[in-house]
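User: I am new to reading protein models. Could you take me through one, feature by feature?

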Amino acid sequence: MKVSIEKLIVVTRGIFIASVLGITSLILYPNIHNFPSIVSNSIRFIFLESLIIYALFMAIRPCFKSIGIAMILSGLIIPFILPQTFSKELTAFTLSSIFYISFIALAVTLLLISIPFGSVRLQITYAILSIALLLPLLQYSILNLKCVSCITYRLPYYCILISDPSFIFYIFTAIVGFTLASAEKTEALSFNSIKDISLKYLFSSLLPLTFSLFFINNLNYLKQLVFSINRLEIYLVLASILFVILVGLVFRKKQAIIWTLIVSGVSLGLAWLSFIYSPYFSLVFLIMGASVIPVSLPNPQVIENKLFNAINSEIPAKAERYLKALLSLKYTFTKIFCDAANRRDCEAISWIYSKAMGNIDYGSCSNLSNVVNCIIYKGIIPVDSPKLIDVLMSKDKNSAEKFASYLLTKDLPQPVKDKAKAALATILNANTGNGISQVKKIKLPTLEEWKPDIWVNSNLYGYKIVKVLGTGGNSYVLLGERNINKYAIKIAKVSRTSISNIVTLFEDISKESFSLQSISEKSPNIVRIYGFYVDLNNLREISNGNSEAYYSTPPAIVMEFMEGGTAEDLIKNQAIILSTYWKKVVALISLNIAKALSVVHKEGYVHLDIKPSNIFFSKKPGITAEELLEKIKTGIVEVKLGDLGSARKIGERVLEYTPQYCSIDQVEAMLSKRGADPKMDIYAFGATIYKLLTQTPFNPSNVSRLMDEAVEFYVNGRPYALSLENARKELQLFHQTFDLPQEYAEFTNLIKLMTSPDPRSRPTIDYIVTELNKIASNI
């Protein structure tokens, strides 16, 4: 039905255009040989050509912009391009001729600009230009000024209103015409019979009344003109208006688009019937009938796309209008929500949540993983979280696990948290045959005496802990197994003294978990993150010394297991680092990490912990540098940047540092609560390349000591600025004098740039990628 109506609309519009042209031909053809006589009567000519242009533009596209353009063409430009209009005034080239040419040029320019553009701001601008510039130009064109000084004796508007009242018509045409022409193009959002039939029909019937402005100083003549009109024509116009108003009222709550075509058809018949009595009324009926032809039918998919664009562009008024239109077209909140999920449009999902108030049927959505990812990314707490958990448990258990873990990080009513814990227990029990963890029947040590071996052979979050992979300054790394796959599980070290920082850290991580997981999927050179597990309530229990809570539900990040170890392990192998191939290996390792870091920075994050122990290999690297070089080149061994859990958004507070690799400005930012900056990563990356080449830390031991001292002073409430200042002086002295061995000369200039004590002098990561490409190619 929709397709047939669209075809009928096109056909109807074509018939109206043809009718306008046909009636115009019938009016003009008998007088074609006596055309100058028509033109000589300026008022009659303006009446006729205005009605023709109104009817034609309304038939082509019935909207305010079309009416405005028609008013400009008919009321301003066309009459004044005729020599007869100025036959009395412009008998010779005078100053008024210049004003006239300027008027035409400005009017045409404004008209051409208004066609493709439109806005309220442009409407105001055009109204001001019409009043302040265009109309005075028109006035001075008519007054036949012959000298510049004459302008001062002819005030704009005043004298012309006295001498030529028809100028009122041109004032109205200019201001209204340009204001309408610069309006935004109308959007077919929904159909309302009162707005789209009755009001349009009534408004268009009033257009011919603008011609009465010509006779504002001669009302008696206007009365005579009105009484001379054929009464039948007036009755037909009034009857058609009354009929259309009734149609609008009867079908005001229905999508009765077909009635627009019926009204148009009736008006078309009246137009040809009226031609017998008055060609002018034929054109009036064509204007009225064309005004209700729909520009286009509302397209729900187009409107939905506009809704999502408005939401992402942060234009709430437009978004509300589009949403209202979609709901009137029988779209539901569920349909819009699921479409947003399919697009992975987190802004739209968040906005629709605020409007739907729980009226979403999650079972109708095919992409619930995107829903959960967006909820986590935007920090949304759905009012119907229990309902979403139930649907996820039946359709997508992986997303259910992620959503339940996310809910446990929030301060929610206990029934919601109980629901999340029950769901998580069910999922993990299905995967392991056990609960969230198996609490050993042993006495657990205090947090200060904790040993990570206690977790071996237990179950954490559905992963069986096989062994301890390593222990770092801030965390333990365990090897976990699940469904025969291996994973690295990083658990934060916790003590009563460090718990406040741990809580802050994991609160931030829980907010950014979706973003960090998404970043890890965007580069083959970043270690994948599979999940974040943290219950902030448990963390608070841990802060009170609850070892059992730390054992059963520690704050953890599950990551891709990299069985090849780290670059820190690699540089302990003398057979590899003493090889002539070693600098080629370092160049390739560094290039891969630079590519990973480029993705991190482009996503708006700073890693904040670049070091050899966070550079991982997917497979065993081999026993020689030549073998490792070949494996990296062929992709057998992948080089990846790990520990995205330390990353922060650019500008967010820095919470950790590694003194052997970090810059002094990173420590200073941490202590002064300033934001993270990508230049911090550049310094640590340069220090890391230096360590790979020389096997010694870049930061001198005294610099590292002074940074640690500053942190200690800060913790104890003592002034720390002097320690950082001394560290900065030590670093500047070292930076001026350090050099690499001759065999690594290719790296010297780049490392010097990257490790500049002044962050502003450090290059961008894209520059580093380019330079490392050159080094890797030339070695």
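**Reading a predicted model**

Analyst: Start with confidence. This model is predicted. pLDDT stays under 50 over residues 84–91, a stretch with 15 contacts beyond four places in sequence. Over residues 433–440 the pLDDT is also below 50, and that stretch has 27 contacts beyond near neighbours in sequence.

User: What is the mean pLDDT of the protein chain?

Analyst: The mean is 84. Of the residues, 84% reach 70 or more.

User: Now a single residue. Is Thr 173 buried or exposed?

Analyst: Look at the relative accessible area. Buried means under 20%. Thr 173 has 1%, so Thr 173 is buried.

User: Where is Thr 173, and which residues is Thr 173 in contact with, leaving aside neighbours within four places in sequence?

Analyst: Thr 173 sits in helix α8, residues 167–181. Its contacts are Met 71, Ile 72, Gly 75, Leu 76 and Phe 178.

User: How do I read a whole helix? Take α14. How many residues has α14, and what is its reach from first C-alpha to last?

Analyst: Compare the reach with the expected span. Helix α14 covers residues 300–312, which is 13 residues. Its reach is 18 Å, close to the 18 Å expected at 1.5 Å a residue.

User: Which residues of α14 are buried?

Analyst: Pro 300, Ile 303, Glu 304, Leu 307, Phe 308, Ala 310 and Ile 311 are buried. Now look down the axis of α14. The buried residues fall within an arc of 160 degrees, so they line one face of the helix.

User: What about the ends of α14? Which residue caps the N-terminal end?

Analyst: Asn 299 does. One of its side-chain oxygens lies 3.1 Å from the backbone nitrogen of Gln 301. After α14 comes Glu 314, with a positive phi near 55 degrees.

User: Where is Glu 314, and is Glu 314 buried or exposed?

Analyst: Glu 314 is in the loop between α14 and α15 (316–328). Exposed means over 50%. Glu 314 has a relative accessible area of 69%, so Glu 314 is exposed. Note too that Glu 314 is a residue other than glycine with a positive phi.

User: Now strands. What should I look for first?

Analyst: Ask about pairing and direction. Strands β1 (residues 459–460) and β2 (residues 463–471) run antiparallel, joined by two bridges. Leu 460 has Tyr 463 in β2 as its bridge partner. The two strands form a hairpin with two residues between them. In that turn, Tyr 461 has a positive phi of about 55 degrees.

User: How many bridges join β2 to β3?

Analyst: Six, and these strands run antiparallel; β3 covers residues 475–482. Ile 465 stands opposite Gly 480 in β3. β2 and β3 form a hairpin with three residues between them.

User: Why is strand β6 described as largely enclosed by the rest of the structure?

Analyst: Count its buried residues. Strand β6, residues 556–560, has five of five buried, so it is largely enclosed by the rest of the structure.

User: Which strands pair with β6?

Analyst: Strand β4 (residues 485–492) pairs with β6 in the antiparallel sense over five bridges. Here Lys 490 stands opposite Ile 557. Strand β5 (residues 529–533) also pairs with β6 in the antiparallel sense, over four bridges. Gly 531 has Val 558 in β6 as its bridge partner.

Definitions and conventions. Residues numbered from 1 in each chain as written. Predicted model: local features only at pLDDT ≥ 70, side-chain atom pairs only at ≥ 80, totals over all residues. Heavy atoms only, no water. Buried < 20%, exposed > 50% of the residue type's maximum accessible area, 1.4 Å probe, protein only. Contact = heavy atoms within 4.5 Å. pLDDT = per-residue confidence, 0-100. Expected span 1.5 Å × (residues − 1). Arc of directions from axis to C-beta. Polar contact = N/O pair within 3.5 Å; in protein donor to acceptor, adjacent residues only side chain to side chain. Pairing = 2+ DSSP bridges.
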